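Thanks for coming, everyone. Let's take a quick walk through today's structure. Have it open on your screen as I talk.

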Amino acid sequence: MNIQVYVIRRLLYTIPIILGACGIIFILFNLVSPDPTLIMLGKHASAKQMAELREALGLNRSYWLQYLDIVKSAFTFDFGRSWATKQEITSMIKQGAIPSLTLTFPGFFLSTVISICVSLFVSFYRGTFLDRGVVFICVTMMSVSSLAYILFGQWFFAYKLGWFEISGYESGFPDFVPYVLLPVLIWLMLTIGPDVRFYRTIMLDEIYQDYVRTARSKGLNEKVIMFKHVLKNAMIPIITYTVIQIPFLILGALLLENFFGIPGLGGITLNAVNSSDFPVIRAMTILSALALIVFNLISDVLYTVVDPRVRLK
Amino acid sequence: MKRRTFTLLSLLLAFALSFSSCTKKQVTNEKVLNLAVSSKVKGLDPIYSNDLYSSSEVARVYEGLLEYHYLKRPYTLKPNLAAAMPEVSKDGLTYTFKILKGVMFQDDKAFPNGKGRELTAEDFVYSIKRLADPKLQGLGWWLLDGKIAGLDAWRKSNAAKDKVDYSEKVEGLQALDRYTLQFKLAKAFPQFLYSLAMPFTYATAKEVVDHYGAEFLNHPVGTGPFVLPEFNQSLKIVYTKNPTFRKKLYPSDASEEFKAIGMLEDAGKPLPLVDKIIVNIIVESQPRWLNFNKGKIDYMTIPKDNFDAAIPSGKNLSGDLKEKGISLLISPSLDVTYTAFNHDLDLFKGNTKLRQAMSLAYNVDKSNELFYNNQALPAQSAVPPGIAGHIVGYQNPYRGHGKAEELALAKKLLLEAGYPGGKGLPEITYDCPSSTVSRQIGEYFKKQMAQIGIKIKVMTNPWPELQKKITKRQVMLYGIAWGADYPDAENFLQLLFGPNKAPGANGSGYNNPEMNRLFTVAALLQDTPERTALYEKMTRIAAEEVPWVFGVHRQSFVLSHGWLKNYVATDFEAGQATYLNVNTKKKTELSEKL
């Protein structure tokens, strides 16, 4: 099938998915969520003012109209204003997405590159002391809680040694760099362990395939076997694993953002949940759903690039 | 190859670290106040400033008619944008203010030629109507709801219109001339003047609101001491001194306690005393604490986790911090913590003896030790010390201190209540917020009640969920606290006023006709001995009736660096930064030790 037709067809599939996502958030908001007027008015809420506020927020309109509003916002990207902060949601997302990405993207990129390199390396030395040592280190790194890395890193490297900023953020390159260095390093500590173990398993699966044995019997150099054949054939699971993580990068890393004072989307989402700020929750849910669909599509298309046997249907 | 890799890695590390070093602050003579807040600031629109963080930020740019005297305790109101305290009619219903002349709004492009204009009485009329605007749903409307003659009607009539008509006259809110403002109240409300010191009623200019529309909250333009050209929620907030700020001087009089600690050193100096304020948003306590220790924040409340390290003895500052020139300020807060009974339940409603038994079984001293480092004051009733209505030396007869005879009495009362040894009582749920400390307090309550055979189940809830449960009356017991909106016992006693039942502030639903009657009488009286006597009577009734198991009145523990001058603890922080000063020479010296 032509790739353009495939992409268009997949994009059309997003419509029912978005409608479904809108339905789920609408039901959850109306059934489970606490009364937003109560939260907005705080300790001085009165029945009269809550009723007035419900009217002003449009919560007294029919369910159908409210649902249509959500659907409309999903297709126009006009999410309106936050109930809690009165800020324009599109601006909040724009302002939050960049700080989140300055933290998560370098962390994700470096962790992926390092993990793939290390996993190729240890799979080459599979079963040796080096391989076991790396696996042991990975498991140890995974066993330590993220909070421990953050608290220790912030106290020791930033406060005691003064190598990094304790917390804070400046917008624009390169001003933000000193503020994200330590969080990125902690991100690496948190992700390299599981990533290396995952990629190593993929590499080992490939190494025992017939074509590797054939390549070896043909007398090919081990470097060529590892980089040209094994890595290329391992690309499909690698793409699946990495591409699907990208939407979550935009959503930020809540703990790291909170501790390092990075004004990203993680904090915005958490604040919205805590204050029953439905328009923000709605916007974040819709955007997440869209990002997941789009990146799934990208990974499908990439399969055809790395493996010509894959056909789009 | 190895050498090349090593060189490359070294270069990368040096490059990365050079970023850190290049951001180190340069020491200048500019006086900069560095502050930290633990929550994102919503925006800078006075009518939405219903949380501590937003109201503090609003008060750097905007001002109100009145303010609390910075150096007087008990809290005393004084004129700010008003030229003097108002003339009050004999019936206490009409308040006439003269506005200061020559006060200018900050320069902004919303004004012709970008030059701020003079503040007038009409600006207050507009600002207060804006708070009442039904389309805007200002979060401080509770303050004036039913208080100003004609304002509720104006709000109601405009709710149905497409566009709110600000030109429509309100009987109780009028500018008599350019500098005279008159309020007529719908009923006596002696606490009215406190409303005019709260950020909700601060002066805004109509042309600025019209110019920026919905984005007004990001473009604050007031008459205040600091300027913020544009607010961006994602960044730290940097204010600079307002070049057109009027001549306002640091106070020359103070309460004895403040005189004694040299708070009048800057007396008579023009305000503000610093050139710039930087507000850092640091949500977590560890980075706030570390930044303070590095001198990047000038003062902060001690986080609970660092309390033992900062004050090892429980009262005195650690030697390490003293050496760095850091000082400690302990001051009582106008608040009360309590465990409320749901008085809608038959179990608690008519059963005073059960409530008394539970209060006696609860050892408040131990809770003070466990959760407040033994620094809070056990509450005897609802009204905290420092305001009229609190009875100095009064001991609540049903206050438990862990004594055997108190437990024996609790068991006796439980028997008389019809539940010998707790038999016949259902398992009682205790709802609280989901923070670690709240849960621990809940577990402690459970343990205390087990002593007399009462079974408690602790339920933690995210804050919105707890609010919902209280409002929908889905709680049996719940742990909560109340902080003062203004320094008047009415603000605490209204929590026990029957008609204020949830979703009003009386979440417990306590409804005692005698208490209601006394409250209604006191609510109409000015600050007189007669009113204090009524407040005290209500305090005693609350103590004996045990509508809640009273907790404590907390104290604040604030650390400040030696270079920070004029810091005093206050329950009403709005405008505080105007009075703070930084000794730059001392900062340079002390920074070496950090």
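**Strands, helices and chain contacts**

Start in chain B, at strand β8(B). Two bridges join it to strand β9, residues 237-241 of chain B, and the two strands run antiparallel. One pair to find on screen: B:Val227 has B:Thr240 of β9(B) as its bridge partner. Before we go on, please remember that this is a predicted model.

Now zoom out to the whole sheet. It is open, it has four strands, and the order is β1-β10-β9-β8 in chain B. The pairing is mixed. Which strands stand at the edges? They are β1, residues 32-37, and β8, residues 226-227, of chain B. Each has a single partner strand, so one side of each has no neighbour in the sheet.

Chain B has another open sheet, this one with three strands. The order is β11-β20-β12, and the pairing is antiparallel. Here β11 (299-301) and β12 (327-332) of chain B are the edge strands. Again, each has a single partner, so one side of each is left without a neighbour in the sheet. On average, neighbouring strands of this sheet are turned by 25° against each other, direction ignored. How many bridges join β12(B) to β20, residues 555-560 of chain B? Six, and the strands run antiparallel. Look for B:Leu329, which stands opposite B:Val558 in β20(B).

Next, the domains of chain B. Domain 1 comes in two pieces, 26-331 and 557-594, and domain 2 covers 335-553. Their C-alpha centres lie 32 Å apart. The contact takes twelve residues from domain 1 of chain B and 15 residues from domain 2 of chain B. On the domain 1 side, that gives seven nonpolar, three polar and two charged residues.

Over to chain A. Its domain 1 is 3-76 and its domain 2 is 97-274. The C-alpha centres of these two lie 36 Å apart.

Let's look at helix packing in chain A. Take α9, residues 210-217, and α10, residues 222-233. They pack at an angle of about 150°, with their axes 11 Å apart. Parallel or antiparallel? Angles over 145 degrees count as roughly antiparallel, so α9(A) and α10(A) are roughly antiparallel to each other. The crossing is right-handed. Who meets whom? A:Tyr211, A:Val212, A:Ala215 and A:Arg216 in α9(A) meet A:Ile225, A:His229 and A:Val230 in α10(A). By class, this contact has five nonpolar, one polar and one charged residues.

From α11(A), the contact uses A:Met235, A:Ile236, A:Ile239, A:Thr240 and A:Val243. From α15(A), the contact uses A:Phe295, A:Ile298, A:Ser299, A:Leu302, A:Tyr303 and A:Val306. Sort these residues by class and you get nine nonpolar, two polar and no charged.

How do the chains meet? 44 residues of chain B are in contact with 50 residues of chain A. Several elements of chain B give two or more residues to this side: α1 (2-22), β10 (276-281), α8 (285-293) and α16 (463-471). Which element gives the largest share? It is α16(B), with six residues. By class, the chain B side has 21 nonpolar, 14 polar and nine charged residues.

Last topic: backbone details. First, some background. Most residues other than glycine have a negative phi, and most peptide bonds are trans. A cis peptide bond joins A:Phe173 and A:Pro174, with omega about 0°. A:Pro174 is in the loop between α7 (146-160) and α8 (177-207) of chain A. In chain B, the peptide bond from B:Arg73 to B:Pro74 is cis, with omega near -5°. You will find B:Pro74 in the loop between β2 (66-68) and β3 (77-79) of chain B. Finally, B:Asn374 has a positive phi, near 65°, and is not a glycine. B:Asn374 sits in the loop between α13 (364-372) and β14 (377-378) of chain B.

That's the tour. Questions are welcome.

How values were computed
Residues are numbered from 1 along each chain as its sequence is written. Chains are lettered from A and ligands numbered from 1 in the order in which they are written. This is a predicted model: local features need pLDDT of at least 70, side-chain atom pairs count only at pLDDT 80 or more; totals for chains, interfaces and linings use all residues. Two strands pair if DSSP finds at least two bridges between them. Two residues are in contact if their C-beta atoms, placed from the backbone, lie within 7 Å. Ala, Val, Leu, Ile, Met, Phe, Trp, Tyr, Cys and Pro count as nonpolar, Asp, Glu, Lys and Arg as charged, and the others, Gly among them, as polar. Domain bounds come from an automatic or database domain assignment. Axes are lines fitted to C-alpha atoms, for helices over the stretch in contact, and angles run from 0 to 180 degrees between N-to-C directions. Angles under 35 degrees count as roughly parallel, over 145 as roughly antiparallel, 65 to 115 as roughly perpendicular and the rest as oblique. A crossing is left-handed if the near helix is turned anticlockwise from the far one by less than a right angle, and right-handed if clockwise.
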